[in-house]
Amino acid sequence: MNALPVAKTTRPGNALAGKNVQRVAAIIPAKDEAERIAATVRSARAIPHVDLVLVVDDGSEDDTQHVARAAGAVVVRHSHNRGKAAAMETGAAVVAMRDADGRPPRLLMFIDGDLGDTAVNTAPLVRPVREGVADLAIALLPKQAGAGGRGIVVGASRRAIEAMTGWSPSQPLSGMRCLTREAFEAATPLARGWGVETGMTIDLLRKGYVAVEVPCDLKHRASANDLKGQIHRAAQYRDVLLAVNARKVRGAVDAVRHAGSNVRS
């Protein structure tokens, strides 16, 4: 039998003793999700080990913040839209302020605001991270009804991740992710726009963190093949390429610096 991978993040001491008290914070970046956010929040609150559900309202023009708060979430709000990466960073910072002294930092579970009642099905992402098998767990979603893409953006992201790290994920753009605080901080600053997942995966794998994909029965609002959907995928493709190229440049610069230090030594 193949041995399970071992996460780079050090497990809490009490976890090693079989008394894992590590908690999980569900962070939900959301913009104009008033219709679905209440169901998403209620469902996220039912995930085992989750003791904090935080919605980051990223400049919504509807009642997202009020609906989320009424459903039981802690809510913070950006006064204007700053993008998913900024919302994720804000959420992680707020969770850090709420982590109790003397206890392990909460694991961070990022959940899309449109999952509705299926948000609870992200629960399988917690176990491999909480038990030290992985530093990052990524949700594998079933085929979504109404999705109209041809896999161009997914393919570009997958090929880039494989070329730069050796790992070929099935769904590199999946936004439902659970990771340790240490891993999140190692991935910051996050890539902007729709390149955030691709950039995070490359950065963490390059630094020796362990990622796994876990099947989760989730349903969200898929992009159709109409004009709006095509514009969305074009923006995704642009942002993925920007994230990848930035990391290629960073890798080249690091290689030059390393070579220079070897010459001097």
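In which element does Val126 have its place? In this predicted model, Val126 belongs to helix H5. The residue has a relative accessible area of 3% and is therefore classed as buried, the limit for that class being under 20%. Beyond its neighbours within four places in sequence, Val126 contacts Val24, Ile47, His49, Leu107, Met109 and Cys178. The C-alpha atom of Val126 lies 9.2 Å from that of Leu108, a residue 18 positions away along the chain.

The protein chain comprises 9 helices and 7 strands. Of its 265 residues, 50% are buried. Among contacts between residues at least 6 apart in sequence, 77% connect residues at least 24 apart. The chain exposes about 13,000 Å², and 54% of this area is supplied by carbon and sulfur atoms.

The strands form an open sheet of 7 strands in the order S3-S2-S1-S4-S6-S5-S7, and the pairing is mixed. Strand S3 (74-78) and S7 are the edge strands, each of them pairing on one side only. From one strand to the next, the twist averages 20°. Helix H4, which spans residues 84-98, packs on the sheet and touches S1, S2, S3 and S4. The direction of H4 makes about 140° with that of S2. Helix H8 (residues 196-206) also packs on the sheet, where its contacts are with S5, S6 and S7. Between the direction of H8 and that of S6 the angle is about 30°.

Strand pairing rests on backbone hydrogen bonds and may be parallel or antiparallel. Both senses occur around S5. Strand S6 (residues 177-179) runs antiparallel to S5, and 3 bridges join the two. Within this pair, Ala137 is opposite Cys178 of S6. The pairing of S5 with S7 is parallel and extends over 5 bridges; here Leu140 is opposite Pro215 of S7.

S5 is mostly covered, with 5 of its 5 residues buried. Side chains in a regular strand alternate between the two faces of the sheet. In S5, Leu136, Ile138 and Leu140 point one way, whereas Ala137 and Ala139 point the other way, and all are buried.

The largest nonpolar core contains 35 residues. Those with the most contacts inside this core are Ile28, Val41, Val53, Val55, Ile111 and Leu125. At least two residues of the core are supplied by each of strand S1 (24-30), helix H2 (37-44), strand S2 (50-58), strand S4 (107-110), helix H5 (126-130), strand S5 (136-140) and strand S7 (211-215). A second, separate core has 26 residues, including Ile27, Leu179, Ala187 and Ala211.

Backbone geometry was considered at several loop positions. Asp32 lies in the loop between S1 and H2. Its phi is near 55°, a positive value in a residue other than glycine. Asp32 has a relative accessibility of 32% and so counts as partly exposed, since that class lies between the limits of 20% and 50%. A positive phi, of about 80°, is also found for His49, which is not a glycine. His49 is placed in the loop between H2 and S2, and its relative accessible area of 40% makes it partly exposed.

The peptide bond from Thr188 to Pro189 is cis, with omega near 0°. Pro189 is located in the loop between helix H7 (181-187) and H8.

How values were computed
Residues numbered from 1 in each chain as written. Predicted model: local features only at pLDDT ≥ 70, side-chain atom pairs only at ≥ 80, totals over all residues. Heavy atoms only, no water. Core = buried A, V, L, I, M, F, W, Y, C linked by side-chain atoms within 4.5 Å. Buried < 20%, exposed > 50% of the residue type's maximum accessible area, 1.4 Å probe, protein only. Helix = DSSP H or I, 4+ residues; strand = E, 2+ residues; numbered from the N terminus. Contact = heavy atoms within 4.5 Å. Pairing = 2+ DSSP bridges. Axes fitted to C-alpha atoms, helices over the stretch in contact; angles between N-to-C directions. Areas by Shrake-Rupley, 256 points an atom, 1.4 Å probe, with all protein chains shown as cover.
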